[in-house]
Amino acid sequence: MIPKTFKEVIDLGDGREISIETGKLAKQAHGSVVVKSGNSMLLCTVVSNYKQSDVDFLPLTVDYREKFAAAGRYPGGFFKREARPSDGEVLTMRIVDRVLRPLFPKDYHAETQVMIQLMSHDDDVMPDAMAGLAASAAIQLSDIPFECAISEVRVGRVDGEFIINPTRSQLAESDIDMMIGASADSVMMVEGEMKEISEEEMTEAIKFAHEAIKKQCEAQIKLAEAFGKKETRTYDGEREDEALAKQIHDLAYDKVYEVAKAGSSKAERSAAFAEIKEEITASFSEEEQEEYGDLISKYYSKAEKAAVRDLTLNEGLRLDGRKTDEIRPIWCEVDYLPSVHGSSIFTRGETQALATVTLGTSREANQIDMPSFEGEETFYLHYNFPPFSTGEARPIRGTSRREIGHGNLAQRALKGMIPDNCPYTVRVVSEILESNGSSSMATVCAGTMAIMDAGVQLIKPVSGIAMGLISDADSGKYAVLSDILGDEDHLGDMDFKVTGTAEGITACQMDIKVKGLSYEILIKALQQARAGRLHILEKITDTIDQPNETVKAHAPKMITRRIPNEYIGSLIGPGGKVIQELQKETNTTIVINEDPVTEEGIVEILGTDQEGIDKVLAKIDAITFKPEKGSVYEVKVIKLLDFGAVVEYTEAPGNEVLLHISELAWERTNNVTDVVNLGDVIDVKYFGFDPKTRKEKVSRKALLPRPPREQKNKE
């Protein structure tokens, strides 16, 4: 029996639409939908256990996978099966998770799994822009407790016009690439990259995206109503005790307020807060401590958060004693590591990043192999966050999703400033050595300096800053915080990271935890962020104001030479013999790629020794040397034959031609050695291809005075 299906269609404009359908697939999941646009189809399912987990947080897993069959392709590698998620898939998971997680009840701790799968791919549709819509729609059809429908869209701008969910070709022409997540009432998440746009332009893009999201939220509600919205399940929430909460608040608030007001370091502050918590816990009997369990710790944390927030709202002071718009002390250094191609240290307060740059050929480009996109990156950035950076010891289990996300943000901040004509593949690695406040923004700053130290001609330096917001809806008070601490990240209502040059924004990441944030406050926060960025940028340029003119002596020099495709085989040689011997002889790396547009070969020569590079260039010149008909060339005699001499063009060593005995002189020549000997350097005229001999013809006698006819007859 054909199942009954329910469907809603969302009009994107310009003939495009998105449909949401349920009732046909994965009916045992608690909620499932198929979201389709063009030929792109996402299947999303959600399942949440009915039993609460024994943890004090929501164990939510958002999983996004792209099936290679969706694009009619096989997975790469030895095992022809999808394995661990790619960085692109992880980034989509993070974007969806950041919007969903805050909308579950705070006391809902059931194991919950959202699975989104790309089942059919369309080259004109970027599927990650529909993942948030699919996740929310599936949850709306379930009985899982969830505050409201949300959605996410990508916004681009081409020729001054905003576009919702642009195609990849449109995105290539766009100066904005932002993902926005929101409910019908509030914007909750922003992440993207831009080409030096203003704060006002960024705000307009967010507004435009929000209008589209409202329509998508409405469609989800209509679908759920048509399907038959299930009644929200009941669950055992966390135990509450209002009297105990007030008691602990009264015991802790003033003491915490005084410690926070003292403006101490992270270690001193943490020790003082821990002492207050121990005193309060000790004030309860052992029986009370056993009875109340985790409630004492929970209510103390609430009191601590309230005291710190009130200190900022009432007195404009922060945990480390700074004012709201004050940046922590900064010191920088470049060329710290002697053997790397470029390095820098950026330290801001208790956050420190050590960045390195490595230069390579196109062979070192980062290959991207996803069903929805194949390509390569010649600039990429990796971010490492070891546990010692926060004074912790914990297991290291590969690269975390957080590390992938932070590295991607820093990469997007910097990549637009790498010039198009940069001959190198550039890899930046950021090692976080200390962390208390945004290490991703420290990575941007350290990366800028390391790139310039490496001699890469960065178009403009980029800086980044992490901002926060504390607000009180009842009193209308709010405070925008510049350069937030780690603690301020957790207790605030918004945290956002903005990067840019002196001219405009290049990347951003924003998570908004308060409903109905006004655009006026958002613009003010962005303007304050700009002032902070420029302050940090000044510290960077005080350390290194422009890129080094050349790469370091021990770093590889890169020369790029274009040659006609017809000569590629000669340069490579049979079985690669010529190019392999040339690399060994010159101590260089030679990479050859074909340009399908110009039908030329692009030869990359990488080496630390200029003499070796020059030898490779000379070899290329010799191989590609093509004498012009009627021109005169200097040649060297390299071999003597009975019927002539083999000569080599001095400007193209290795390029040989036969000088026939009849072309040595006007007089009859019986022996080649009567005119030339081995090693002689002479001039010859090039006549081109001789159809009679089917060989190239050169002549020495053509450059000599022709003897009178009578003399010639006597001879």
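**Cysteines, helices and contacts**

Me: How far is the sulfur of Cys148 from the closest cysteine sulfur?
Reply: The closest cysteine sulfur belongs to Cys217. A disulfide is a pair of cysteine sulfur atoms within 2.5 Å. Cys148 is too far for a bond, because its sulfur lies from that of Cys217 at 7.1 Å.

Me: Which pLDDT must side-chain atom pairs reach to count?
Reply: Residues are numbered from 1 along each chain as its sequence is written, and side-chain values use heavy atoms, with hydrogens and water left out. This is a predicted model: totals for chains, interfaces and linings use all residues, local features need pLDDT of at least 70, and side-chain atom pairs count only at pLDDT 80 or more.

Me: Is Cys148 buried, partly exposed or exposed?
Reply: Buried means under 20% relative accessible area, exposed over 50%, partly exposed in between (1.4 Å probe, protein chains only). Cys148 has 24% relative accessibility, so the residue counts as partly exposed.

Me: Which cysteine has the sulfur closest to that of Cys332?
Reply: Cys332 is buried, at a relative accessible area of 17%. Its sulfur is 7.5 Å from the closest one, too far for a bond. That partner is Cys445.

Me: How many disulfides does the structure hold?
Reply: A disulfide is a covalent bond between the sulfur atoms of two cysteines. Cys148 is too far from Cys217 for a bond. Cys332 is too far from Cys445. The number of disulfides in the structure is 0.

Me: At what angle do H4 and H12 pack?
Reply: Helices (H or I, at least four residues) and strands (E, at least two) are DSSP runs, numbered from the N terminus. Axes are lines fitted to C-alpha atoms, for helices over the stretch in contact, and angles run from 0 to 180 degrees between N-to-C directions. H4 covers residues 199-227 and H12 residues 519-543, with axes 10 Å apart. The angle is about 145 degrees.

Me: How many charged residues does the contact of H4 with H12 have?
Reply: Contact means heavy atoms within 4.5 Å. H4 contributes residues including Glu199, Ile206 and His210, and H12 residues including Leu526, Arg530 and Arg533. Asp, Glu, Lys and Arg count as charged; Ala, Val, Leu, Ile, Met, Phe, Trp, Tyr, Cys and Pro as nonpolar; the others, Gly among them, as polar. Beside 6 nonpolar and 3 polar residues, the charged number 5.

Me: What is the relative accessible area of Glu199?
Reply: Glu199 sits in helix H4. Beyond four places in sequence, its contacts are Ile505, Leu526, Gln527, Arg530 and Arg533. Glu199 is buried, and its relative accessible area is 5%.

Me: Is Glu242 buried or exposed?
Reply: Glu242 lies in helix H5, residues 242-261. With a relative accessible area of 72%, Glu242 is exposed.

Me: How many residues of H10 are buried?
Reply: Helix H10 covers residues 439-453 and reaches 20 Å from its first C-alpha to its last. The expected span is 1.5 Å times one less than the number of residues, and H10 comes close to its expected 21 Å. H10 is largely enclosed by the rest of the structure, because the buried residues are 15 of the 15.

Me: What separates the C-alpha atoms of Ile661 and Thr550?
Reply: Ile661 is in the loop between strands S27 (656-660) and S28 (681-690). At 15% relative accessibility, Ile661 counts as buried. Thr550 is 111 residues away along the chain, and the C-alpha separation is 51 Å.
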